[in-house]
Amino acid sequence: MQDEKRKTVMIFGTFDILHAGHENLFKQVRELGDHAIVVLARDKTVKNLKGELPYNSEQKRLRNLKESGLADMVLLGENKDKYKLIRKHKPDVIALGYDQFAFTYRLSKLIIDEKIDTKIFRLKPYKPQIYKSSILREKYEQDTQTKNTAVDPVWAGI
């Protein structure tokens with residue numbers, strides 16, 4: 001009997017405030033493969049894309065995601081070559097969030113040019129009107145101003 005190669009899924013994101021939407025995202029990832037690699041956005045990248053720094057620093061987000069057990073491997077993204085980790089790890093699947101478009105336009109071309117046997121899969125949203133980091137961050141900031149810390153800025157809803 002031949003050993004089956006594990007199926008690797010790579011996902012990208014900020015994962016600033018971990019919440020039930022992220023938990024659902026990783027559930028979908030596990031349905032696509034059995035080894036999840038997260039490429040965590042650098043602070044500088046988040047600032048360039050979203051116009052502000054994440055609530056948690058890249059080191060804290062890295063630590064939080066590793067400690068969560070949601071992924072098998074968590075890596076900081078590359079500042080200069082956004083596609084370097086795809087070329088290095090050659091995932092079987094690249095899973096993109098429903099609202100993720102940054103750095104994704106060239107993915108198909110990269111996969112063809114580099115002859116990487118990778119499929120791109122768009123994940124489904126999970127209650128985006130509730131579980132979206134920007135919404136939770138805004139709620140946390142409002143709650144802190146009124147001294148009500150009902151939302152934990154690291155683990156919201158998990």
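How many aromatic pairs does the structure hold?

Reply: The structure holds one aromatic pair, a term for rings of Phe, Tyr and Trp (its six-membered ring) whose centres lie within 6.5 Å, with planes under 30 degrees apart counted as stacked, over 60 as edge-to-face and the rest as tilted. This is a predicted model, in which local features need pLDDT of at least 70 and side-chain atom pairs count only at pLDDT 80 or more, while totals for chains, interfaces and linings use all residues. Residues are numbered from 1 along each chain as its sequence is written, and side-chain values use heavy atoms, with hydrogens and water left out.

The partners are F15 and F26, which form a tilted pair at 5.6 Å centre to centre with 40° between the planes. F15 lies in the loop between β1 (8–13) and β2 (18–19), whereas F26 belongs to helix α1 (residues 20–32), so the pair links distant parts of the chain, eleven residues apart; helices (H or I, at least four residues) and strands (E, at least two) are DSSP runs, numbered from the N terminus. F15 is buried, with a relative accessible area of 6%, and F26 is buried too, at 2%, where buried means under 20% relative accessible area, exposed over 50% and partly exposed in between (1.4 Å probe, protein chains only).

As for confidence, the chain averages a pLDDT of 82, and 76% of the residues score at least 70, pLDDT being the predictor's confidence in each residue, from 0 to 100. Among the elements, strand β4 (residues 73–76) has the highest mean pLDDT (98) and strand β7 (residues 155–156) the lowest (48). Where pLDDT is low, the predicted coordinates should not be read in detail.
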